[in-house]
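Thanks, everyone. I'll keep this short. Please have the model open while I talk.

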Amino acid sequence: MSDHVYKKIEIVGSSKTSIEDAINNAVNRAAKSVKNMRWFEVVETRGHLEDQKVAHFQVTVKIGFTVED
């Protein structure tokens, strides 16, 4: 196993459906511009309320990716 150096970014994903969908939305969007993604970490979960009901799930995600040589 070779040694790796990682960089982390922090993004927020949202979904009207679920926390899992919010995570997937964040990761899928990051994948459009970030190469070599290796892991994610959920660091915060919150939501948006409308009329006393959950309208959106919001998840702050840190994504780690390897730094190229």
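Gln 52 lies in the loop between S2 and S3. Keep in mind that this is a predicted model. Gln 52 is not a glycine, yet its phi is positive, at about 60 degrees. Most residues other than glycine have a negative phi. Is Gln 52 buried or exposed? Exposed: the relative accessible area of Gln 52 is 82%, and the cut-off for exposed is over 50%.

Now Asp 51. That residue is also found in the loop between S2 and S3. Phi of Asp 51 is near 50 degrees, again positive, again in a residue other than glycine. Asp 51 counts as exposed because its relative accessible area is 73%, with the cut-off at over 50%.

Next, the strands on either side of that loop. S2 and S3 pair in the antiparallel sense. How many bridges join S2 and S3? Twelve. To find your place, look at Val 42: it stands opposite Val 61 in S3.

Zoom out to the sheet. There are three strands, in the order S1-S3-S2. The sheet is open and the pairing is antiparallel. Strand S1, residues 6-15, is an edge strand, and so is strand S2, residues 37-50. Each of those two pairs on one side only. From one strand to the next, the twist averages 15 degrees.

Then the helix. H1 lies across S1, S2 and S3. Its angle to S1 is about 130 degrees.

On to the core. Which residues make up the largest nonpolar core? Seven of them: Ala 22, Ile 23, Ala 26, Ala 30, Val 59, Val 61 and Ile 63. Two elements give two or more residues each: helix H1, spanning 19-30, and strand S3, spanning 53-66. H1 gives the most, with four residues.

Take Ile 63 from that core.

Last stop, Thr 60, which sits in strand S3. Why does Thr 60 count as buried? Because its relative accessibility is 3%, and the cut-off for buried is under 20%. What is Thr 60 in contact with, leaving aside neighbours within four places in sequence? Glu 10, Ile 11 and Val 12, plus Glu 41, Val 42, Val 43, Glu 44 and Arg 46.

That's my tour. Over to you.

Definitions and conventions
Residues numbered from 1 in each chain as written. Predicted model: local features only at pLDDT ≥ 70, side-chain atom pairs only at ≥ 80, totals over all residues. Heavy atoms only, no water. Core = buried A, V, L, I, M, F, W, Y, C linked by side-chain atoms within 4.5 Å. Buried < 20%, exposed > 50% of the residue type's maximum accessible area, 1.4 Å probe, protein only. Contact = heavy atoms within 4.5 Å. Pairing = 2+ DSSP bridges. Axes fitted to C-alpha atoms, helices over the stretch in contact; angles between N-to-C directions.
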